[in-house]
Amino acid sequence: RVVAFPKDRSGDWDCRSIAGSEADETFQESFVSDYIDDFWSHNWGGPPLQKVLVLLLQYNLFPAAVGGTVAAGLGAFLSSIQILPYWYSDTILFEDDSFQYAPWSMFFGLWGFLTFLIFYRPRRRIFLDKACIPQGDKGAKKRGIESIGAILRLSSRLLVIWDPGYLLRLWCVFELAAFSKAHSKDLDFRVLIRPALSGLVWLAIFLGHWLGALVFLMAPVHWYAVIPVAGALFLVVVVCMHFVRKLQRLLALLREQLFAFNVSDAECFCCSVNHIDPLTGAELLCDRVCVCACIENWFGRVASFENFVRLELFAMFEANLGLEGTGLPYSWVAVGCLPWTWMALDLLAARVRVGAPLHKTVTLPIEYFLLCIVIFPCLALFWMRIGRLTMTLRSRQSTDLFVTLAAALAPWMGHVFALGLLVAMRATGPWWLCSVLFLVLSGHLAFCYFRGKGSTATATRIH
């Protein structure tokens, strides 16, 4: 049995399905299927809202990016033909023309992006254990648990939503190890590992870039505009650095848990409540007995299973954790920087409104798009490395805040320099020369950062 997605009767996301309550009711939403697209593996005691955010990003991010950009294009078109009013008029530094600005593309883009992110429904069949295995019937539950190995073998992909409690749960570790063993010959791209906190890190990146682009657009375009733009960008980088440092600490804990994994120390919910359901008082089937029987069937001995977890799973985690081992794929970071492209559409609309030469306007969205998909993701790699170097939590909050501020300085200067370079190139050189130089610079950075088969190369896997 599978489910299309955990949802309530209205079709909206239901956090109870992820939190682990109302399992019998959710089972009624499942149906029989001859194939499984994705097997969801996660810790039922983890933060449900963070996991829902990760799922939305995993399945809906690309449709949201397309929908948001189309909506931003609509806003730019309506603004350029003067159906939507402009907010203010100003003269750009180094140019004589006065342009009429309004952030319609940015607001339309944000609206379209969030609409698709939340309400888009991908057509995938999901296995979620508590939704697809009946919890009230002991016999049916036992048969379902004993069939987990076959279910994993028939699943096309395993999605792991990791939190600090994941590797402490025997069930979770067995699911991951059994899937890896069943698909050992073609495991590449079959396992996706997403830390639960990665959704919040991405949200900070996206909202921060949207705010920075809005300030960049609305601030008067003169030399003194550097102050509000640089200030907004610094605030963005500080918030992102806070989450990056926290995520790096959690990932360091993940590596320790893998090295120290032991079946006897792993937890099962049933054993933690003495096999009595705390809600109904009914006796619970012992999952540990069933899982240990499955381990012996798949791996022969418990010691072989433990060695597989410490060696094979550790290597798999390292290869699937995205940019600098943070669980953020390159595609997530690039889409998180997309508001700058929407802002470029507003700049384009302002120039079309006053009849500026076409050859000087059409390159704007292209240049800012390159900024989003190459230069800012390269700077994000820089963030992650600094976050790893400074991840240690200080004993005093004031000292830890100072470390976050200091760690944010270098990435902040990188963002300011990239934007300043783009503006200066457009202001002082021929439009075609600046576009070519910017394209060459972007290509060089992409080649330097994403070549090879190291941790940076695995970041380019777009799932």
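1. Basis. The structure is a predicted model, in which local features need pLDDT of at least 70, side-chain atom pairs count only at pLDDT 80 or more, and totals for chains, interfaces and linings use all residues. Residues are numbered from 1 along each chain as its sequence is written, and side-chain values use heavy atoms, with hydrogens and water left out.

2. Salt bridge count. A salt bridge is taken as a side-chain nitrogen of Lys or Arg within 4 Å of a carboxyl oxygen of Asp or Glu. By this rule there are four salt bridges.

3. Asp38 and Arg124. These two residues form a salt bridge with the closest N and O atoms 2.9 Å apart. The pair links distant parts of the chain, 86 residues apart: Asp38 is in strand 1 (residues 36-42), and Arg124 is in the loop between helix 4 (104-119) and strand 4 (126-127). Helices (H or I, at least four residues) and strands (E, at least two) are DSSP runs, numbered from the N terminus.

4. Asp38 and Arg157. Asp38 also forms a salt bridge with Arg157, where the closest N and O atoms are 3.0 Å apart. This pair again links distant parts of the chain, with Arg157 in strand 5 (residues 155-162) and Asp38 in strand 1, 119 residues apart.

5. Burial of these residues. Buried means under 20% relative accessible area, exposed over 50%, and partly exposed in between (1.4 Å probe, protein chains only). Asp38 is buried at 0% and Arg157 is buried at 16%, whereas Arg124 is partly exposed at 26%.

6. Helix 13. Arg310 and Glu306 form a salt bridge with the closest N and O atoms 3.8 Å apart. Both lie in helix 13 (residues 302-319), four residues apart, about one turn of the helix. Arg310 is partly exposed at 24%, and Glu306 is buried at 12%. Elsewhere, salt bridges that share partners join Asp38, Arg124 and Arg157 into one network.

7. Gln82. This residue is in the loop between helix 3 (48-80) and strand 2 (88-91). Gln82 is exposed, at 53% relative accessibility. The phi of Gln82 is near 65°, a positive value in a residue other than glycine. Most residues other than glycine have a negative phi.

8. Nonpolar patch. Leu74, Phe77, Ile81 and Ile83 make a nonpolar surface patch of about 400 Å². Patch residues have over 30% relative accessible area and no salt bridge, with nonpolar side chains (Val, Leu, Ile, Met, Phe, Trp, Tyr) joined within 5 Å and like charges within 9 Å. Accessible areas come from the Shrake-Rupley method with a 1.4 Å probe; for residues, only the protein chains shown count as cover. Ile83 lies in the loop between helix 3 and strand 2 and is exposed, with a relative accessible area of 56%.
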